[in-house]
Amino acid sequence: MSVTLDDITALAKRRGFVYQSSELYGGLANLYDYGPMGAALLRNIRNLWWKTFVDDRDDMVGLDASTISHAKIWEASGHVAGFADAMIDCKSCHVRMRADHLIEDYFTKKGKEEKVEGKSLEELDALIAKEKIPCPTCGKHTWTTVRKFNLLFPVHLGILEESQSLAYLRGETAQGMFVNFKNVLDSTRVRLPFGVAQLGKSFRNEITKGNFVFRTLEFEQGEIEYFFDPEHTKWETLYEEWKKTMWEFATKTLGVNKSNLRWRAHTDEERSFYSKRTEDLEYNYPFGYKELWGLAYRTDYDLSQHIKFSGKDLSYTDPQSNKKFVPHVIEPAVGINRLFLMVLADAYWKDDQRRRIVLKLNKTLAPYRAAVFPLVSNKPEIVAKARSVYTTLKSAYPTVWDDRGNIGKRYLAQDEIGTPFCVTIDYQTLEDNTVTVRDRDTAEQQRVKIDELKGAVA
Ligand SMILES: [Zn+2]
């Protein structure tokens, strides 16, 4: 991968994809605001995800749960007790970081790969001591012992301090599907196997290391809980089907290069004790292969935990056999902001020949399908004609108007936000009702009749 993270962050800021959050007041680390282009790209990713996994299927329904949730949910899920990062402090320069990142980065620089997930605090301490891993900030080896910090954001509900109750900002969207499982069963016509999908924000108080929007305190997830009867549906078959679906979404729907994607199976140490199989679809980001999309077979663990903690019956009764049981679940979980960063990195193209930067985004992802330019802005007939073309195109696709500066500068600006087509209205248009349509990737232009324009940018 030749594009650097600096290339991407510079373009993202310059063209209105991503800004530092609260920048006006000095900024907040690991939080970002999405600008006009970023908001459009995110929305397109979300819409394609929802269309693929909910609208186009007959075995899926959607859900939109609240982000503030009952503390018990997170006790049942294990997040209150176990959802913690192992942190370490440098006694010399006081930088605080995740112990797993410290170790993994140390080995990556040495050209080795070391996965430390699942190791105990003592094992992490021992590894850091054995390798004499230095502080990446000050270079010294003066670490505290490794300690755990819980990642959930507590929220205090109620106005009076003495009667406040503790809740949490959700640490994942998945729990919304489990705690509403019975509601969905009772209020819809679903029958096993079926999935519940949700798009929404989650929050984790992580101490992160840069990497732009890859890991942030507030992030958006696209999670699916696919429920099934393990006696009727072979989980291995289902698992392989989901792998194929996820792969196709990344490579076909989002158009990402296959050679930048790979599957990685979790080792026994990093896989949760209740999971029979977990694999990550990884993308080759500018900072290396990292998790994009997780796929886990979680058995009946989650529903069983909520049965235990709530005392409610969350079982399913088979309408034919009347067999009563707790369904099993397969969970494909993706970070929408990770899809966003993947799409930007994959589309970024430095065209040295024409001295320009191009985002080769899939047409369905680009913030605008087309840009419309009047060749000159001081000829009323040309401007009026261009306005009418613009209005027609805008009724079919997101379209932008630009009459600033010269045509060359307008092209460069559209290339950098990934607009597939630029349409120019010139003197010839007034004579024969044709316009030039310039292709983003080849920079070639052809004359197209205005009547056929909608089809030409389809
Ligand atoms: Zn230090």
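I count two strands as paired if DSSP finds at least two bridges between them. Helices (H or I, at least four residues) and strands (E, at least two) are DSSP runs, numbered from the N terminus.

The model is predicted, so I keep the limits in view: local features need pLDDT of at least 70, side-chain atom pairs count only at pLDDT 80 or more, and totals for chains, interfaces and linings use all residues. Residue numbers start from 1 along each chain as its sequence is written.

Entry 1: I started with β5 and β7. They run antiparallel and are joined by 4 bridges. Met 87 stands opposite Arg 147 in β7. On β6, strand β5 (residues 84-89) has an antiparallel partner over 3 bridges. There I found Asp 89 with Arg 96 of β6 as its bridge partner. The β5-β6 hairpin has 6 residues between its strands, and His 94 takes a positive phi near 65°.

For angles, I use axes that are lines fitted to C-alpha atoms, for helices over the stretch in contact; the angles run from 0 to 180 degrees between N-to-C directions. Contact here means that the C-beta atoms of two residues, placed from the backbone, lie within 7 Å.

**Entry 2: the seven-stranded sheet.** Next I traced the open sheet of 7 strands. Its order is β3-β10-β11-β17-β14-β13-β12, and the pairing is mixed.

Then I went pair by pair. β10 (residues 194-203) and β11 (residues 218-228) are antiparallel over 10 bridges. Gly 200 stands opposite Gln 221 in β11. Helix α2 packs on the sheet, touching β3, β10 and β11, and its direction makes about 160° with that of β10.

At the β12 end, 5 bridges join β12 to β13 in the antiparallel sense. Leu 261 has Tyr 283 of β13 as its bridge partner. β13 and β14 are also paired antiparallel, over 9 bridges. Asp 280 is bridged to Gly 294 in β14. These two strands, β13 and β14, form a hairpin with 2 residues between them.

**Entry 3: helix α9.** I checked the length of α9 (residues 235-253). At 1.5 Å a residue, its 19 residues should span 27 Å; the end C-alpha atoms are 26 Å apart, which agrees. The expected span is 1.5 Å times one less than the number of residues.

Which residues of α9 are buried? Trp 242, Met 246, Phe 249 and Ala 250 are. They cover an arc of only 90° around the axis, which puts them on the same side of α9. The arc is that of the directions from the helix axis to the C-beta atoms. I call a residue buried if 20 or more other C-beta atoms lie within 10 Å of its own, exposed if 12 or fewer, and partly exposed in between, with C-beta atoms placed from the backbone.

What do the buried residues of α9 pack against? I list α2 (36-55), β12 (261-265), β13 (277-285), β14 (288-297) and β17 (328-335). The face turned away from the buried side carries exposed residues, including Glu 236, Glu 240, Lys 244 and Lys 252. After α9 comes Gly 255, with a positive phi near 70°.

**Entry 4: the whole chain.** I finished with totals. The protein chain has 15 helices and 24 strands. Of its 458 residues, 33% count as buried. Its C-alpha atoms fill a box of roughly 75 × 65 × 50 Å, taken along the principal axes. Among contacts between residues at least 6 apart in sequence, 65% join residues at least 24 apart.

The chain is divided into domain 1 (52-68 + 156-347), domain 2 (88-100 + 102-150) and domain 3 (368-456). These bounds come from an automatic or database domain assignment. I get 30 Å between the C-alpha centres of domain 1 and domain 2. Their contact takes 6 residues from domain 1 and 8 residues from domain 2.
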